[in-house]
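Grab a viewer and work through these exercises one at a time. Try each task yourself before reading its solution.

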Amino acid sequence: MLCSMYATNMSRNSEEPVFNQIEQVRSSLGLSRQELADLVGVHYQTIGYLERGEYSPSLVLALRISNALNKEVSELFSLTEPKEGKN
Amino acid sequence: MSKKNKIYWSLGVTEKGTRALLTDENSKFKWLRSQRNRRLIVILEMFGILAVALGSYLPILEIGIFNLDNGTDLIIFSVSAIWVILLTLGCYSLLRIAVRGIADAPDELLDERQIQVRDTSFRYAYLSMGYLVIALLLLMFFGPELQLFQPEGNDGSYLMIATLFAFASAPSMILAWREKDI
């Protein structure tokens, strides 16, 4: 139990991953992580964790990110892995 | 951000100081923030806390390091103890910088993920401190019979200082150990 306490799994829900295309859309718009973080009001590390799928955002944050990137939430986030090349 | 530097008395931090840590204003501490270096600091801090705790017991360990009846040994022991405490405090300061002060920051200065990791680290710190208290209670109950306890004149103050260090630094240590590199 002590070992599991100190494991590095930080995902909100490790059994059901949430996939996202934040990095791809952000890069296509020429935004840095810091710039996107400033737009949505979070730390740039949080954007990094989101992009790596190691943190699932709240609904409010997901909506802020989709507004900032001018996309719908369903275009950015999904429960199934997106197909390559699909925007 | 308001012009006044708000002080969060219950947390012992200021708004400006916390924001400076969170926004990485001082780039000279960048090297501290890799997971490897953070974990090294955690290990150093733990050794420091253990060394301070041993200050209550070293005089009675039968390995002939210090004889507190000898004036010279007493001075060496006392000076060494002060240095160990100062180094442990220094490690704690580095630890706070390494985790950007998240463990000690108020909600209004953190984003939702940082609040979550802070609260998780406090939960695990609470559990760890629970185990520590149980171990200390067992030591108190059984120590005298097993002749483990401090000699006459030793008030266990180093053990108390070590326990305070452990309580103060546990959330930051857990946060520093668990956070991944981004």
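What share of the contacts in chain A with a separation of 6 or more comes from residues 24 or more positions apart? Two residues are in contact if their C-beta atoms, placed from the backbone, lie within 7 Å. On that count, the share is 62%.

A quick note before going on. This is a predicted model, where local features need pLDDT of at least 70 and side-chain atom pairs count only at pLDDT 80 or more, while totals for chains, interfaces and linings use all residues. Residues are numbered from 1 along each chain as its sequence is written, and chains are lettered from A and ligands numbered from 1 in the order in which they are written.

**Exercise 1. Sketch chain A.**
Step one: collect the elements, taking helices (H or I, at least four residues) and strands (E, at least two) as DSSP runs numbered from the N terminus. Chain A has six helices and two strands. Step three: check burial, where buried means 20 or more other C-beta atoms within 10 Å of a residue's own, C-beta atoms being placed from the backbone (12 or fewer is exposed, in between is partly exposed). Of the 87 residues in chain A, 23% pass as buried.

**Exercise 2. Work out how α3(A) and α4(A) pack.**
Start with the axes, which are lines fitted to C-alpha atoms over the stretch in contact, with angles from 0 to 180 degrees between N-to-C directions. Those of α3 (residues 33–40) and α4 (residues 44–51) of chain A come within 8 Å and cross at roughly 105°. The two helices are therefore roughly perpendicular, a label for 65 to 115 degrees (under 35 is roughly parallel, over 145 roughly antiparallel, the rest oblique). Next, list the partners: A:R33, A:Q34, A:L36 and A:A37 in α3(A) meet A:Y44, A:T46, A:I47 and A:G48 in α4(A).

**Exercise 3. Explore the largest nonpolar core.**
Such a core joins buried Ala, Val, Leu, Ile, Met, Phe, Trp, Tyr and Cys residues through C-beta atoms within 7 Å. This one holds 26 residues, and B:L95 and B:A176 touch the most other members. α2 (35–54), α3 (71–98), α4 and α5 of chain B each give two or more residues, with α5(B) supplying the largest share, nine. Now zoom in on B:A176: leaving out residues up to four places away in sequence, its contacts are B:R38, B:R39, B:I41, B:V42, B:L95, B:A98 and B:V99.

**Exercise 4. Describe where the chains meet.**
Count first: twelve residues come from chain B and 15 from chain A. Then find the main contributor on chain B's side, which is α4(B) with six residues.
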